[in-house]
Every structure is written in structure tokens, then in C-alpha cells.
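Try each task before reading its solution.

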Amino acid sequence: MGSPWRLLLTMALASTFFSSKLQAEEPLHKGIDRIIAEGFESPTKAASPAKDAEFLRRVTLDLTGRIPSATETRAFLANRTPTKRAEWIDKLIASPEYSRRMQEYFDVVLMDRRADTKVSRAAWEEFLRTAFASNKPYDELVREILSNDGANPKTRAAAKFFLDRDLEPTIVTRDISRLFLGRNVQCAQCHDHPLVDDYAQEHFYGIQAFLNRSYLFPNAQDVKAVIAEKAEGEVSFISVFDPKKVQKSTPPLVSGWKPIVDVTLEKGKEYKVAPAKDVKPIPAYSRLEKLGAAITAQENVAFRRTAVNRLWALMMGRGLVHPIDFDHSKNPPSHPELLTLLADEFVKHRCDVKWFLREIALSESYQRSSEIPPGGQDVSQDRFAVTILKPLSPEQFGYAMIQATGLTDVYRKELGNNASETSLHAKLSAHLGPFQRIYGSRPGEPEDAFSSTLDQTLFVKHGDHVQNLLSPRVGSLIERAGKLKEPTDMAEELYLTIYSRFPNEVERRDIAELLRMAKNRTALLSDIAWAMLASAEFRFNH
Amino acid sequence: MRENVMKPCEYACQTEEHQISRRLFLGAAAGLAGFTAPSVAKELSSGQKRMLVIFLSGGVSQLETWDPKPNTDTGGPFRAIPTSVPGIHISELLPQAAKRMHLLTLVRGINTAEDEHGRGATIMLTGRRTEAGIKYPEVGAVASNLLVTPNRDLPGHVQITPGGGSGFNKEDAGFLGPKFASITLADGKPPADLLRPASISSDSDREREALRQKLNAQFAQSRRSAQTDAYTESFEQAAKVAARAGAFDAGREDPKAADRYGRHDFGRHMLLARRLLEQGVTYVKVTHTNYDTHHENFDFHIEQLSEFDRPFSMLLDDLADRGLLQSTLVVVMSEFGRTPRINDRYGRDHWSKAWSVAMAGCGLKAGAVIGKTNANGTAVTEREVHGGHLFHTYFKALGLNPTKNFYPDGRPIPIADPKAAAISEILT
């Protein structure tokens, strides 16, 4: 190793060690709150702590992707234990719904809802779900994804990231940099990024150099294709802005860290299995093999920054670096010290995702209300002074609808003793498809910024899918509420089931009054439930 | 709470996209009935520009349409006939269109160098070749993005297909996002969810809408963002579109018009296209099929073109009579043309090297021909153009500057391929 690199490495390790020692007494959630509070222009403009119901719905959605049932809500609100919030967080993180939620979230992050071609959906979901259930360290998970050639049927699922992108070098390069390094270097493909000084063309091709010798064998069309690699080949690039058209090249390189020094092999000894017709070659030295380690290396600060920033955004509704994939010096984090703290602590805890999410959930910053305090309108979102309203993901919205209309309970009852997360999910997922199709991003494209399109609205307004969910059946919300005697009790049942909170006095009175005057109570209950399901309070995690 | 809708550095500047991102399908243009009085239509035409694409799917033969080569080894059995413009001849399979040549502009020198259906269609509809890592928006998405006026209830991007399912698409707007993607009216029928189902009474609809608004108002007292506003407004917008669902019903047109256009699917689809354009839809694409005539090219073209010729001509007449043609760009395109060589099954195969497109309206030089092919149509000899040139030309004709940029993810992407330019000779 060249001495400048050694020096840099030593410095990086020393600073990690030093800062963690200083903060040793302080749990991470306290550190979060300390730094967030330092960033307030005025503490009075910060929202007050979230009420129990607000906390319950928020954290259940964030950690398990569903809303709490009316029964769970009643029990939680009645519980007087001072530590009940921490206990609820622990319960959620230990539940199989947590692994499902993480599986669904990371599936969309990693695969952008593209079509399943070479690795089945079921195998991939199983791979992700078991990883999060066993709390596999995040860096290990990413290494598995980035160092699998798909040849071993037992572990092939992990190669989906490569295989279902057809190992297309531009796409794979772009997505590795975007997802794991927080740098969307796509604009640096044809020239240095015109607006971001930190993104050079070399950075794009440095990552591509890990991949440029690899290809799909026997061909990209074969659904059983595996990744093969040649022993030679360099990337070359010319800037379209360069009038002299100088051809450049780069070894495999992760920007901000040392380049890989290729092993040069004697002529005739380049291959373990030499290339021939219909033969998958195996080179004696593999560039691709170096990729996973290079991306996830401890010395590669970008990796851990991006990992914690993504998890922070998942919980808090916005990255400290925002947008998540534009981490560069002209777009600094809203709280630089916090990002460093989170990143260092994450690595210190061996990239423990459960621990990390738990710490965020425990923080006052996470448990703040989303109600804007007087005078708080002007405070920028990036202060995290008021909890950000997060639109539900397609999956969250679907599960929430299914739960709120009572179908989840109907199925749970049907399954009886056989009810497990897996058996229940099998039933629920049959109803989820339309939500994913209508609210999900375009296949192969990163999630779009939130928008409300006409088809989504008409789906809720006129679509038979939502109508069917609402239709009264034994054990459904409408049937359950319809059996209650008092209109005020009906109002309460609706609010607890759909909004996961008790109605306030005015709401209780208004709904009860409507119901008292109704000619057809069942029909009106259904209309009220629809209005609640179609409202912003239901559509957003608040 | 203030939202940082602008990114903190210059790459996500105040692009036009951001300005219009929330306007969706908001709008006005009142009245449920179609415009029957030319004077009313004239008022509409002064402001808004719109576009109609007729896509002859499978690849129409240029030799049986706009660039006939009779009495040559490649010409086939049909004659070329004179048109309303002295000196310009087109195939005898288009007698009605020939009488309207003075409204048309022919581009005869197209070389798109792509003989595969999907990729050929991409070139013609996006003005770009297929590229990894970026999905360019189709012309309809670009038109509805750039031409939308802030006062409209109807969606801007509609396509009428011969079959398949009606619905809302996501993909054809590429990086412009699903807001500008098309609505498909399969066989002219609107997507099911557009209309209130019979199971929801109008009373019930009114009641639940009132309650929804009340709940949102309560929520907005303490919790509010641009996103929650966009969400709650989207229901009001959907209600407006649903209220104007009659715009999608060609059955409301005068039966005499239906007779004129022809009582067949394509006739009905073209009449619906007229209705949608008149009601204020920015872009309509009508697909007519099937022109992929590897066998029996000549019989099939007699059949398909006899169906195409009349409704196409009627629509041109109607647009011209109503004063709408000057603000409506009409383009007849395919994914490519067909081989001059006639194969041993009397078919013609895929051919992108020398073929034609017909255009009309929006101030294009009418009664003109640009570009030329050689005697038996095997090569372009004059003013060769490809999909990029056409794309530039469409947007110039629509009064826009196609060299400006979109900024998906802050990255500047020119509206039209920067390596091409508009065909200035046919622009006025």
C-alpha cells in the first residue's frame, strides 16, 4: 500500500476511535436530540412531544408497514407503564412484520420495481426478509449482493441486483453509486458533472471498471444466465467537452478511496478455466470479486454515510443529505455533525440495522408531534423541529386500507390457530397488487417524488377494489360498527380503526349526529369510512 | 411549515417542470357539449395549440401512400394520381387525401435506420434512439407537459387504440413522470374508474365528498404541506374530470358526422379524436392497424387504406372548417416504411432507409413536399431526415423551442435531440 493511503487510513480510524470514545456515555438517541436541538433557531418553534396515539400509528407504520388495530390502539392508550413506548418499539422490531417491512422497502430501493426476469420474486423476498429477520449486518448484506455471480442455486437470489439489470454496465454503475455511495454520477458518464465539482467522469468509470470484464453467460436473454468474467479489458472514456478527444482510462476505483491495483498474471496463466465456445471462463484474478469489499470497506466513508442517511430518511421523512443520492460538497448535510455521529456509531455497532432504527425511534426528535406549533410555519423542514408528514408507500397504503376496512381481522379469524405472519400475508398480498401497480413508481425507475395522479384518485373514488374492501362482510369494520347501539360508539369505532385514535368531542358529536339522522345507517357508515380513508390524515404518516 | 421544494444547489433550479408540477389536470374550458359552431372553435384556437398523431401500426408502405413509384421494378400494381396541388402525385389508394393535398405537407426523405418495430416506434415517438439508463418521454407527454394551459379539466395526453385495455399508463412519459403519461381509450372506451359506478349513488357521492373535505379541513388546521394540499386537491380535480366524462363519448356526436367518418372502428375513433381535441385535450394519438404486410402487401393496403382515407380526410376538413387546423398539428406516422423490393409472398418487409410521413396544420407549409427518394424508392436522394429532425419540427410548429432543456434530477436534457434540427423549409 502506498504511504499516503496508509496515512489517510490511519487518520480515518483514529478519528472514528476518538469521537466514539468521547461520546461513550451518551446513547445515540440522546446524541441525536442534542444535535437536533442545537439546530433550532428557536426552541419554542419546535413541536411538542407526540401524543401516544400519534406515536403509536407513526412508529407502527414505520417499523412494520401497517397501522395498529383498534384493539392494539385501545390497549396501548390504556397502558399506564412509563416505558410503554420503548416496549412497543422493541415488540415491533422483534416481530415478523418488521422483516416484511424492511424486505418491501429495500426491494423497492434496490430493484426499483423492475420486472423479475432471472431471479424469482419469491426467492429474492425470502433472501431479504431472512436477512432483516436475523439482523444481518448491513455491510454484509450489501457485500453478498455485490459479490454473487448467480452460479450457486442456493445463493443465486442475492445476485438479483446484477442479473435483473442484465448486468448492463451503465445501469449497474449508476445504481451502485446512487444506492450505496449516495452519489448519482449518471451525469458524469459523458463528462465531469457539469454542476457538481465532486463528481468526475473518473468516478463513474472507476466503478464501471470493476464490472467491465464481466458479462452474462451464456447470454443476457437466458433466464438462467450467470455472471462470467474475462481476464482482461480496460474501461476507456473521452469527455464530450474535450476538444482534443483524449482517451482516458482508470483502474477499479471508489472515489475518495484507494484505487485497486490489479494483479498482473503471467501470459498463459490468466485463467483457471480458459474461454472457449460454450464454456464459462474463470479468470485467475477477478475484478468483480473486489467490488463488494471496496464499496463496503470501513475506510469508505461514503458507504456508511449513505446507509445511515437512508435509514434516517426512512424514519424522519427526509435525509440529512437531501436528496439522498446527491451527497457532495455543495449540497452539505443539514446537520454535518449528526451525520458523522450516526455513520460512526453505525459502524461501531457492526452496521446493526435494528439497533440503529431503535435508537432513532427512541429519540425525542422522532417522537415529536407533526402538529405545527404557533409560529412554526416558517421553520424549514430540514430542522426536524416538527415531524414531517410522510406519504404512505404503496404497500403501507394498501395494508392500511386492508386493515382499516377490517379484512385483516376477517382473515386472522379465518386462519384461527394457523394464523402466522406468513399465512396472513399470503392472504393480504392478494389485495395488495392494485396498490403497488397504481401508486408504485414506473418499473426500473427510482420512486418519483410524491404526486397525486388522476388514476390514483379515481382508484379510491370509483374503483371497485376499494369499494370491495369497504363492503360489509362478517367481521368487517362496517359490520362491526353497525352492530353497536350508540352512534357515539360507532364514531369511536370508526376513529379507532381508521385513524388509530379516539375522536375528540366535536368529531364524536358530528359523526353521531349524522348517524342519528341517517335513513340507511349501513350505507352512511360506509360513506363516512370512505371519507376517512380518502382523507389526508389516512394517506400520510403523521 | 415551509418545505424545501428547491434543492439547495443550482442543479434543481426553478425549471418549468417544478412550476407546473402541481397543476395536473386543473382547468376550465367550460361546457359539456362539443363545439359545433365554427366561431366558438375559433376562439379556442387562438390560444391553445394541440396535436393529433395518427399512428399506422406495423409500418405503412410509403409506396402505397405518399411516395408512389409506379411503373418501376418496386412500384407494385397501383397508379399514382394527381392531387389538389398540381405536380404532386400520391397513391391511388388515397383518393380522398389526394383532394386535400393543399392542406398537407409530405416529408419523403426519412431514414430512421431502425427496422425493428419497438425501437422504430421509439425513434418516431420520442425523437431519440433507445438509450440505456434514460427513458425519453413520448411526443404526447412532451406536448402535454409544454402545451398545457392552466385552465383545463381534461387530461392532456390521450391515446385511442383499436383493442387492449383502457387505463392509465406510466411509462410513456419517461422522465417527465406519470403525470404526463397517457390515458388509453381502448376501442374508444374510457377507463372504468373514470365514471362513477352505479353502486355509488349521486347522493352518497355528494355526502362522502362533503365529509372528506371537512375532515381534510380539520386536519389542515394543524398539519399541512404541499403534498397534503396536492393530495386533497386531486379529489376536486378528479371530480371535474368525471363531470366531463361526456368528452370521451363519441356517441354524443351528430349521427351524420358518424356517417361521414364511416361506421367502423377507425371512423368512430377518429370522430372521438375530433371531439377530444375540440374539448381541449392537448394531444391525441389514434392507432390504426395492421400494416405489417409481409404477405399480400397490396391486398392489405387496399383494405386498410380504404378505411383510413375517408375518416382522415373528414377530420382534416372539419379541423380546417372550424378554424382549428391552424392551431392543430396533424402527423401521420408509422414505426417505419416498407421495402421497395416485393418479396415472394407479394409482401413488403420492414424498411427504414427511405420512407415518408404526412403532416398538416399549425402553420406548416401546406401543399408542399420536402425530401426526395430515387426512381425506385430505394434511397433518399434529397434532404434526408430522421426522427430527431421530425421531433424538432413538431415542436417548432407548435410554437415552442425544442432546444430548451428539461431537468430530470437536475440534469439538463434537451427537449429534442441536439444533434438534429427542425426542417426549416416547411415551417412558416
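**Exercise 1.** Which residues in the largest nonpolar core touch the most other members?

Before starting, note that this is a predicted model, where local features need pLDDT of at least 70, side-chain atom pairs count only at pLDDT 80 or more, and totals for chains, interfaces and linings use all residues. Residues are numbered from 1 along each chain as its sequence is written, while chains are lettered from A and ligands numbered from 1 in the order in which they are written.

*Step 1.* A nonpolar core is a set of buried Ala, Val, Leu, Ile, Met, Phe, Trp, Tyr and Cys residues joined through C-beta atoms within 7 Å. Buried is 20 or more other C-beta atoms within 10 Å of a residue's own, exposed is 12 or fewer, and partly exposed is in between, with C-beta atoms placed from the backbone.

*Step 2.* The largest core has 150 residues, and Leu494(A), Ala529(A), Met532(A), Ala273(B) and Val284(B) touch the most other members. Helix 24 (residues 521-533) of chain A gives the most to this core, with eight residues; helices (H or I, at least four residues) and strands (E, at least two) are DSSP runs, numbered from the N terminus.

*Step 3.* Zoom in on one member. Leaving out residues up to four places away in sequence, Leu494(A) touches Ala481(A), Ile511(A), Ile528(A), Ala529(A) and Met532(A). Contact here is C-beta atoms, placed from the backbone, within 7 Å.

**Exercise 2.** Work out how helix 2 and helix 14 of chain A are oriented towards each other.

*Step 1.* Two packed helices are described by the angle between their axes and the distance between the axes. Axes are lines fitted to C-alpha atoms, for helices over the stretch in contact, and angles run from 0 to 180 degrees between N-to-C directions.

*Step 2.* The axes of helix 2 (residues 28-38) and helix 14 (residues 336-348) of chain A come within 10 Å and cross at roughly 170 degrees. So helix 2 of chain A is roughly antiparallel to helix 14 of chain A; the cut-offs are under 35 degrees for roughly parallel, over 145 for roughly antiparallel, 65 to 115 for roughly perpendicular, and oblique for the rest.

*Step 3.* List the contact. Helix 2 of chain A brings Leu28(A), Gly31(A), Ile32(A) and Ile35(A), and helix 14 of chain A brings Glu337(A), Leu338(A), Leu341(A) and Glu345(A). That splits into five nonpolar, one polar and two charged residues, with Ala, Val, Leu, Ile, Met, Phe, Trp, Tyr, Cys and Pro as nonpolar, Asp, Glu, Lys and Arg as charged, and the others, Gly among them, as polar.

**Exercise 3.** How many residues of chain A are in contact with chain B?

*Step 1.* 54 residues of chain A are in contact with 48 residues of chain B.

*Step 2.* Sort chain A's side by class: 22 nonpolar, 18 polar and 14 charged.

**Exercise 4.** Arg113(A) and Ser500(A): buried or partly exposed?

*Step 1.* Arg113(A) sits in the loop between helix 6 (96-111) and helix 7 (121-133) of chain A. Its phi is positive, about 55 degrees, although Arg113(A) is not a glycine.

*Step 2.* Ser500(A), also no glycine, has a positive phi of about 55 degrees.

*Step 3.* Count neighbours. Arg113(A) has 17 C-beta neighbours inside 10 Å, so it counts as partly exposed. Ser500(A) has 27 inside 10 Å and therefore counts as buried.

How values were computed. Contact = placed C-beta atoms within 7 Å.
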